[in-house]
Amino acid sequence: MMFTFLVTVGFALFLGSVLFAGSRTTLLGRVLSWRPLVSLGMVSYGIYLWHWPVITIVGGNSWRHDSWPLFIGRLALVLTVTLTLAAASWYVLERRAIALKNTPLRRPTKTAAGRAAQEIGPPIDNSIDSVAARSSTL
């Protein structure tokens, strides 16, 4: 019980120091700005997604019966495959999805029927005020 409390308080203090160490002038800020840690943070969601399937494929529950050399070998394999898959999913999927977040949606091109209807009649004002005014007169 006391151990859990100490771990919780320690983690809260660590989290608070991370939140308040936003500048690169503090030691913690410089450590968190280190390029390998920033790169690891970029692929962290992919690590979260890929680690369990890789662990399951590599051996599942048989890890606890391994000798130390076999355990270290499996661990190295899991880390390598997980980081490779996470980096690949970052470059192939996530980076492109984040780039799409800031692009406006394209309007569909008008079909021949839409162009003909526009040429026949006056343009229709579909703004919110116009639609509200038309619906209140009905």
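How many residues does helix α4 have, and how far does α4 reach from its first C-alpha to its last? Select residues 44-58: α4 has 15 residues and reaches 20 Å, close to the 21 Å expected at 1.5 Å a residue.

This is a predicted model, so colour by pLDDT before going on. The chain mean is 78, and 70% of the residues reach 70 or more. Among the elements, α4 has the highest mean pLDDT, 92. Helix α7 (residues 128-136) has the lowest, 57.

**Along α4.** Centre on Trp50. Here α4 bends by about 35 degrees, and Pro53 follows within four residues.

**Across to α5.** Now select Thr82, found in helix α5 (residues 68-101). Thr82 has a relative accessible area of 5%, under the 20% cut-off, so it is buried. Show its contacts: Thr82 touches Ile47, Trp50, His51 and Val54, leaving aside residues up to four places away in sequence.

**Aromatic rings.** There are 2 aromatic pairs to find. Show Tyr45 and Tyr48: the ring centres are 6.1 Å apart and the planes stand at 35 degrees, so this pair is tilted. Both sit in α4, 3 residues apart, about one helical turn. Tyr45 is partly exposed at 47% relative accessible area, while Tyr48 is exposed at 55%.

Move to Trp68 and Phe71. Their centres lie 5.6 Å apart with planes at 85 degrees, so the pair is edge-to-face. Both lie in α5, 3 residues apart, about one turn of the helix. Trp68 is exposed, at 66% relative accessible area; Phe71 is partly exposed, at 26%.

Technical notes
Residues numbered from 1 in each chain as written. Predicted model: local features only at pLDDT ≥ 70, side-chain atom pairs only at ≥ 80, totals over all residues. Heavy atoms only, no water. Helix = DSSP H or I, 4+ residues; strand = E, 2+ residues; numbered from the N terminus. Expected span 1.5 Å × (residues − 1). Bend = angle between axes of the 7 residues up to and from the residue. Buried < 20%, exposed > 50% of the residue type's maximum accessible area, 1.4 Å probe, protein only. Contact = heavy atoms within 4.5 Å. pLDDT = per-residue confidence, 0-100. Phe/Tyr/Trp six-rings, centres within 6.5 Å; stacked < 30°, edge-to-face > 60°.
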